[in-house]
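Open the model in a viewer and keep the sequence panel beside it. The tour below goes from one selection to the next and says what is found at each.

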There are 2 protein chains.
Amino acid sequence: MARSSRRAAVTIGDVARAAGVSRATAARALGGYGQVSQRVHEQVTAAARELGYQPNALARNMSTGRTQSLGVAIANIDDPFYARLTRGITDVARAEGLEVLVANTDEDPELERRAVQVFQANQLEGILLTPAPTAHAEHLIAANEQGTPVVLMDRHPRGLGLDAVVVDNREATRRAIHHLLDAGHTRIAFVAGGGRPDAREESPRPSPDSSDVALAATTLERIDGYRAALAERNIPADSRYLRCGDFHREAAKAEAHQLLALDEPPTAIFAAGSIPALGTVEAIYDSGLRIPDDLSVIAFDDADWSNVVQPPLTAISQPAYDVGALATRTLLQRIRGDDSPPVVHVLDTELRNRKSVGEPRTASRRPAE
Amino acid sequence: MARSSRRAAVTIGDVARAAGVSRATAARALGGYGQVSQRVHEQVTAAARELGYQPNALARNMSTGRTQSLGVAIANIDDPFYARLTRGITDVARAEGLEVLVANTDEDPELERRAVQVFQANQLEGILLTPAPTAHAEHLIAANEQGTPVVLMDRHPRGLGLDAVVVDNREATRRAIHHLLDAGHTRIAFVAGGGRPDAREESPRPSPDSSDVALAATTLERIDGYRAALAERNIPADSRYLRCGDFHREAAKAEAHQLLALDEPPTAIFAAGSIPALGTVEAIYDSGLRIPDDLSVIAFDDADWSNVVQPPLTAISQPAYDVGALATRTLLQRIRGDDSPPVVHVLDTELRNRKSVGEPRTASRRPAE
DNA sequence: CACATCACTGAGACCGGTCTCAGTTCGTGA
DNA sequence: TCACGAACTGAGACCGGTCTCAGTGATGTG
């Protein structure tokens, strides 16, 4: 039956027998609770060492109802932003003696739902997640109410009544677009993306141009900031310049190529993430164009490579590590019983001004060069 | 006592009562095992739905002895190589219905030991890890023998008798160095690195120059390949050119700066990882030098940004995703009882020839430019 | 010296599932 | 009509810990 293939583990009963005490006493000695005499404590620990006793965490969790573990559901661990965010989580979790269970959601609401269910089934103490794009979040609210606190990261769908640690995407984008406007640009394109990694490229979602695709909340906010900035200068939004979907790197590159091939190509491109930024820069290089002479670029998320490209990329830097770390700390407070009203922490971004923004080229056609 | 703060969960007993059957029958209906009549099955599932029953995975694992979960201990999730590798793991794991517990080891043997212990305590079915640099691996062998199979990734300390999925670091490096030698270089430096992320920079290890630091097995193999290639051309290894330690990005950058400041600076730099590559390229740009005119560069690990720098970087591409995926599949076979002799899978690397390697500059002093 | 107090210990319930085993019911063939 | 097996069900042990509660013996106190 149980553990057929595994070597029979030594249990606390075995230790107790070897030490000549009851299970309860052995448990007390080993668990460090209750009262145990010095002599018995030594006997038991000696016996445990002798037998190579390793407590069964499952059994302990079963009876205590606590697992000392957190569930993390993020979009894609292979995206540097989420990798760094996850690192912030695991560092804080470790410092607090908590384990971490990780699931990728690939922005798929169904996968997210399943992940949350698994987390609950495993009695995890709390859940950290970057919500997938969807209006349905009952499972999150339910989990939260059933005693498994949930803290949102990076995105914050309104009105969920959950804690969140985010960044002001709208405002950061708005400022970046203004930076471009100030430099004289009016034909500014927007490329979003950052979906599943290339390796799993099996289900090409219908995401060519626009709003029939579910977009991550962050993308929505960034689009909002983009539109707001343009509106503030009375520049009509040209829908051909708005390229958003669930683009991975290659797809983003293709989008950028299309942009450059337009009759009136943009003079600046805002890449709403480090993955689309990569694709965009690649497309620009492919076309033999130069940054910022021929085209200006700003990226949302300051990837580690952004000052190693030529020229160094002007980018909005987000505190990914801190988002993860603070979210974990917030979750811990909830786990420990804090039931104050939900808080949304908005962390600061910074526009790192480097060399990828210049004046717009006046010639609208592709330069010879 | 148990679950004080959590809302009392509905158990299978509650469902059974509501459906008017015994716990055993309810469990059969819900668990889909044994025999249950059509009518009872419907009653039970209806009652379960009604009450919002969610099975307690902990209890199930407890009695079955199976957790359907894997433990993953990697150096640093924030390193793109490991992030991608982890993605390979989680994809395969999900396809097989397994959960994944992740721990960062930061190349610290003690953290690794603890992680493995936690994995065993939680009765995880198997362990995937990138072994930390140390001669002591008893805990891995012990875990394996006690019925928790272990598969190594990326590194493979000799003689452990464990499965592994690796890349031929020595040979790949040797070929890359030969590529440099063929171009005429003789003063070739080697910069390793890729330790803990900058954010946790608290314990500055004594890793300035050489062999008193424990190095990852991969680094050792790469050094070996580097030395072999030089020896094959009768070029004496200059110890000043060998810079290896637990360098994160900034440290690698500093090392590269030191290299460039030598009396006889190298004409080519081999960066033994994407993080030191980043630091190296940054240092070169800082110094106003140009690649490959002033200095040639080859990187181990083809980071996603390598063809976006100017010029695109010649790099050794490793199948990170596949390493994770294949390791997981191998582990699964072991979990399912395969007890054939351990296998070491060596995956192919590829030297992606781009534009960062040229002829050595004859002038040994820093060029004016 | 009687009794309260304290330190320590053991018995056994409990967590929420799974699973074995012993019925019970029913249909079917002899 | 009886025997037999198949289909179904319930009782209860079990997994390996934790934790409550009721002792037990030693010590202290009036």
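Two residues are counted as in contact if their C-beta atoms, placed from the backbone, lie within 7 Å. The model is a predicted one.

**Stop 1: helix H11 of chain B**

Select residues 274-286 of chain B, which form helix H11. The buried residues of H11(B) pack against helix H5 (80-95), S6, H10, S8 and S9 of chain B. How many of the 13 residues of H11(B) are buried? Eleven are, and the helix is mostly covered. The buried set starts with B:Ser274, B:Ile275, B:Pro276 and B:Ala277, and also includes B:Glu282, B:Ala283 and B:Ile284. Step past its end to B:Gly288, which follows H11(B) and has a positive phi, near 75 degrees.

**Stop 2: B:Arg249**

Now pick B:Arg249, in helix H10 (residues 249-260) of chain B. Is B:Arg249 buried or exposed? B:Arg249 has 21 other C-beta atoms within 10 Å and is therefore buried, since the cut-off for a buried residue is 20 or more. B:Ile275 is one of the buried residues of H11(B) seen at the previous stop.

**Stop 3: helix H9 of chain B**

Select residues 217-232 of chain B for helix H9. Its 16 residues should span 22 Å at 1.5 Å a residue, and the end C-alpha atoms are 22 Å apart, which agrees. Colour its buried residues, among them B:Ala217, B:Glu221, B:Arg222, B:Tyr226 and B:Leu230. The buried residues of H9(B) pack against helix H8 (169-182), strand S6 (188-191), strand S8 (268-271) and strand S9 (296-300) of chain B. After H9(B) comes B:Asn234, with a positive phi near 60 degrees.

**Stop 4: the six-stranded sheet of chain B**

Show it as a cartoon: six strands of chain B form an open sheet in the order S7-S6-S8-S9-S10-S12, with mixed pairing. Which strands lie at the edges? They are strand S7 (242-243) and strand S12 (350-352) of chain B, each of which pairs on one side only. Zoom in on S6(B) and S7(B), which pair in the parallel sense over two bridges. There B:Val191 stands opposite B:Arg243 in S7(B).

**Stop 5: strands S1 and S2 of chain A**

Move to chain A and select strand S1 (residues 69-74) together with S2(A); the two run parallel and are joined by six bridges. A:Val72 stands opposite A:Val102 in S2(A). In a regular strand the side chains alternate between the two faces of the sheet. Both faces of S2(A) are covered: A:Glu99, A:Leu101 and A:Ala103 are buried on one side, and A:Val100, A:Val102 and A:Asn104 are buried on the other. Because six of the six residues of S2(A) are buried, the strand is largely enclosed by the rest of the structure.

**Stop 6: where chains A and B meet**

Show both protein chains. In all, 51 residues of chain A are in contact with 50 residues of chain B. On the chain A side, helix H4 (57-64), helix H5 (80-95), strand S2 (99-104), helix H6 (109-121) and helix H11 (274-286) each supply at least two residues. By class, that side has 22 nonpolar, 18 polar and eleven charged residues.

Next, superpose chain A on chain B: a rotation of 180 degrees with 0.0 Å of shift along its axis does this, with an RMSD of 0.1 Å. The two copies are thus related as by a two-fold rotation axis. Of the interface residues of chain A, 98% are also interface residues in chain B, so the copies meet through the same surface.

**Stop 7: the DNA strands**

Finish with the DNA. Of the 30 residues around DNA strand C, A:Ala24, A:Thr25, B:Ile12, B:Ala24 and B:Ser63 come nearest. Helix H2 (23-31) and H4 of chain A, together with helix H2 (23-31) and helix H4 (57-64) of chain B, each give two or more residues to this surface. H4(B) has the largest share, five residues.

Around DNA strand D there are 30 residues, of which A:Ile12, A:Ser63, B:Ser22, B:Ala24 and B:Thr25 come nearest. Here H4(A) gives the most, with five residues. The surface near DNA strand D divides into 15 nonpolar, twelve polar and three charged residues.

Notes: Residues numbered from 1 in each chain as written. Chains lettered and ligands numbered in written order. Predicted model: local features only at pLDDT ≥ 70, side-chain atom pairs only at ≥ 80, totals over all residues. Helix = DSSP H or I, 4+ residues; strand = E, 2+ residues; numbered from the N terminus. Nonpolar A, V, L, I, M, F, W, Y, C, P; charged D, E, K, R; others polar. Buried ≥ 20, exposed ≤ 12 C-beta atoms within 10 Å, placed from the backbone. Expected span 1.5 Å × (residues − 1). Near = placed C-beta within 6 Å. Least-squares fit on C-alpha atoms with pLDDT ≥ 70 in both. Pairing = 2+ DSSP bridges.
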